[in-house]
Amino acid sequence: MDDVRNTAADRPVRVLAVVNQKGGVGKSTTSVNLAASLGELGKDVLLIDLDPQGNATSGFGLNKNQRELCVYNALLEGVPLAEMIEPVGIERVFAVPATIQLAGAEIELVSALSRESKLKVVLEPVKAEFDYVIVDCPPSLGLLTINALTAADSLLIPIQCEYYALEGLTKLLDSVRLVKTHLNPHLEIFGVVMTMYDSRTKLAQQVVEEVRDFFECKVFETLVPRTVRLSEAPSFGQPVTVYDPAGKGAEAYRSLAKEVIGRE
Ligand SMILES: Nc1ncnc2c1ncn2[C@@H]1O[C@H](COP(=O)(O)OP(=O)(O)O)[C@@H](O)[C@H]1O
Ligand SMILES: [Mg+2]
């Protein structure tokens, strides 16, 4: 696989953790489609699925049930991450899959040495091969998410355009502050992306305004619309940029990818 993977040594890598402890806000959808869109734009991307549910894994059409290695084996058994990096069928885009085995990691990590820094350590030797490493986090603030915050340069927070959108975010920001103080002083919020936006409802517009008031310029201009295609694509194991390349969902994630690149 090394022949297709770029190995430029010292380019700046951006490790982005896609995080929000609420489930169903669009973390996995954003991880998969942003990764695919960055690949389209010529970037070398690695997506690490850190959620035992494996939605990003299956979203790329990778089997999350029968496989020998997943990110669990890297975090808890010291298997090199390089051994589990797989192509996802899109040029320049690779993934480290998750299986349900990863669910055990949350508990097993508790007693592990340097339990918060496992991901950071295993990522180090492969990082330089990519422009972006995107880490799809589980819907909790447990040790897996803390590992992502410790390994990341910055955070991408998807927020669903719904009532109580901001609820629970202070908890997330508290965790970010703790990790910054003790484990990763350079951690920053890279951006906030509004998902499942429905331009026909006043509520969606109000939520966007409320989130812009709170996070100010951190909020991306791109609003990811609620589209059936985005929710269908995972069942075909494809990012929306492949499943429905000319649709609104693909357009939105391409536009988000451009904003991400532009923020460097
Ligand atoms: N923009 C969107 N439009 C329609 N459905 C979406 C959109 N974003 C996500 N979904 C759907 O909403 C559900 C939750 O999204 P997901 O990305 O899995 O959230 P999370 O990873 O935060 O739990 C999934 O069924 C997904 O297909
Ligand atoms: Mg998810």
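Predicted model: local features only at pLDDT ≥ 70, side-chain atom pairs only at ≥ 80, totals over all residues.
I started with the shell around ligand 1, where H1, strand E7 (188-197) and helix H9 (228-232) each supply at least two residues.

**Ligand 1.** I counted who sits around the ligand and got 17 residues. The closest are Lys-27, Ser-28, Thr-29, Leu-230 and Ser-231. Which element gives the largest share of the shell? That is H1, with three residues. Sorted by class, the shell has nine polar residues, six nonpolar and two charged.

**H1 against H11.** The axes of H1 (residues 27-40) and H11 (residues 248-262) come within 8 Å, and they cross at roughly 70°. That makes the two helices roughly perpendicular, because angles of 65 to 115 degrees fall in that class. I also checked the hand of the crossing, and H1 passes H11 in a right-handed one. On the H1 side I noted Asn-33, Leu-34, Ser-37, Leu-38 and Glu-40. They meet Tyr-253, Arg-254, Leu-256, Ala-257 and Val-260 of H11. By class, this contact has six nonpolar, two polar and two charged residues.

**Positive phi.** Next I went through the backbone angles. Most residues other than glycine have a negative phi. I found Tyr-164 in the loop between strand E6 (154-160) and helix H7 (169-182). Glu-216 also has a positive phi, about 50°, and is not a glycine either. Glu-216 lies in the loop between helix H8 (202-215) and strand E8 (219-225).

Are these two buried or exposed? Tyr-164 has 10 other C-beta atoms within 10 Å, so I put it down as exposed. Glu-216 has 9 within that distance and is exposed as well. The cut-off I used for exposed is 12 or fewer.

**Val-207.** The C-alpha atoms of Val-207 and Tyr-164 are separated by 8.6 Å, though the two residues are 43 apart along the chain. Val-207 counts as buried because it has 21 C-beta neighbours inside 10 Å, and the threshold is 20 or more. What does Val-207 touch, leaving aside its neighbours within four places in sequence? I wrote down Cys-161, Glu-162 and Ala-165.

Note on methods. Residues numbered from 1 in each chain as written. Chains lettered and ligands numbered in written order. Axes fitted to C-alpha atoms, helices over the stretch in contact; angles between N-to-C directions. Helix = DSSP H or I, 4+ residues; strand = E, 2+ residues; numbered from the N terminus. Parallel < 35°, antiparallel > 145°, perpendicular 65-115°, else oblique. Left-handed = near helix turned anticlockwise from the far one by under 90°. Contact = placed C-beta atoms within 7 Å. Nonpolar A, V, L, I, M, F, W, Y, C, P; charged D, E, K, R; others polar. Near = placed C-beta within 6 Å.
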